[in-house]
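Let's walk through a fold together, one feature at a time. Have the viewer open and ask away.

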Amino acid sequence: MRAVGVHADAVVAVSGFWQTTSTALRAGEEAFLIDSPVLPAELEALPSLLAQAAFPQVQGLLVTHGDWDHLLGRYAFPDASIGCGESTAQRLRAEPGAAQRELRAFDDEHYVERPGPLSLPTPQMLPVPGHCGIGEQELELHTADGHTVDGMAILIPWASVLVCGDYLSPVEIPWLSESGSASAYLATLDRLEPLVERVEHVVPGHGGAIDAERALALLREDRAYLTALLEQGEAAPLPLARRTGAQRKIHAENVTRVPA
Ligand SMILES: [Zn+2]
């Protein structure tokens, strides 16, 4: 796991698996963690890493969306509450135990041992679009769906950071999961564009913090890819720097999720 401070109040940790990001932020005496790293040792190391950065104890876990790899924060902070948008709360309610089952399948496949089962308390529903207070500050919450049916992007105004969930990734092409939608994804890119223009750093769900200029370049590439996917299906060209075997597999999945 690598950890980078992008602001005095915001630390971004990148997991050794899938480069899943988690962002710790603080305001006064309050600290939140957005999303989570994947591996047990990384989750175990988070509290002392943040203590070294003089962060107060994390009391709130915010999740950008309900995919299991972003929901593991309780392994690091077992007493913290979980906050998410209504769309994510609905999804978690509609599929009880789904995140735990998928986590168990992942752990079985990769021989990963956890200290116990994942506990997911009933999340606190946050207004999206809307605001969420932390210390004396406020976070902006914006709708970000299309990768999945649910999702929110979190703008941290005083730190000039946008944590956007599984969009604008330098390592992953746009991924339409089973509940995803290309048109909703494109609408989210339109919504994210002016937000990216307001910040210095963007933290995508996978791949680590990037500067806003790079995020805007990725946004244009992703928009072009999805537009081509809708028009040409399988023949749509992948973004130049994201053409590995793994990305072609995601592309093949995407092809099945747009109208033929
Ligand atoms: Zn993800």
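Q: Let's start with one residue. Leaving aside neighbours within four places in sequence, what is Val171 in contact with?
A: Setting those neighbours aside, Val171 touches Gln19, His206, Gly207, Arg242 and Gln247. Keep in mind that this is a predicted model.

Q: Where is Val171 found?
A: Look in the loop between strand E11 (161-165) and H4. For a sense of separation, take Arg243: Val171 and Arg243 are 72 residues apart in sequence, yet their C-alpha atoms are 9.6 Å apart in space.

Q: On to helices. How do I read a helix pair, say H4 and H5?
A: In general, two packed helices are described by the angle between their axes and the distance between the axes. Here the axes of helix H4 (residues 182-196) and helix H5 (residues 212-232) come within 10 Å and cross at roughly 160°. That crossing makes H4 roughly antiparallel to H5, and the crossing of H4 past H5 is left-handed.

Q: Which residues in H4 and H5 meet?
A: On the H4 side you'll find Ala182, Tyr185, Leu186, Leu189, Asp190, Leu192, Glu193 and Val196. They meet Ala212, Ala215, Leu216, Leu219, Asp222, Arg223, Leu226, Thr227 and Leu230 in H5. By class, the residues of this H4 with H5 contact are twelve nonpolar, one polar and four charged.

Q: Now the sheet. What is the order of the seven strands?
A: The general idea: strands of a sheet pair through backbone hydrogen bonds, either parallel or antiparallel. In this case the sheet is open, ordered E1-E2-E3-E4-E5-E6-E7, and the pairing is mixed. Strand E1 (2-7) and strand E7 (124-126) are the edges, each pairing on one side only. From one strand to the next, the twist averages 25°.

Q: How many bridges join E1 to E2?
A: Five, and E1 and strand E2 (residues 10-14) run antiparallel. As an example, His7 has Ala10 in E2 as its bridge partner.

Q: Which strands does helix H1 lie across?
A: Helix H1 (residues 40-52) lies across E1, E2, strand E3 (21-27), strand E4 (30-34) and strand E5 (58-62), and runs at about 150° to E2. Helix H2 (residues 86-94) also packs on the sheet, where H2 touches strand E6 (81-85) and E7. The direction of H2 makes about 110° with that of E6.

Methods: Residues numbered from 1 in each chain as written. Predicted model: local features only at pLDDT ≥ 70, side-chain atom pairs only at ≥ 80, totals over all residues. Heavy atoms only, no water. Axes fitted to C-alpha atoms, helices over the stretch in contact; angles between N-to-C directions. Helix = DSSP H or I, 4+ residues; strand = E, 2+ residues; numbered from the N terminus. Parallel < 35°, antiparallel > 145°, perpendicular 65-115°, else oblique. Left-handed = near helix turned anticlockwise from the far one by under 90°. Contact = heavy atoms within 4.5 Å. Nonpolar A, V, L, I, M, F, W, Y, C, P; charged D, E, K, R; others polar. Pairing = 2+ DSSP bridges.
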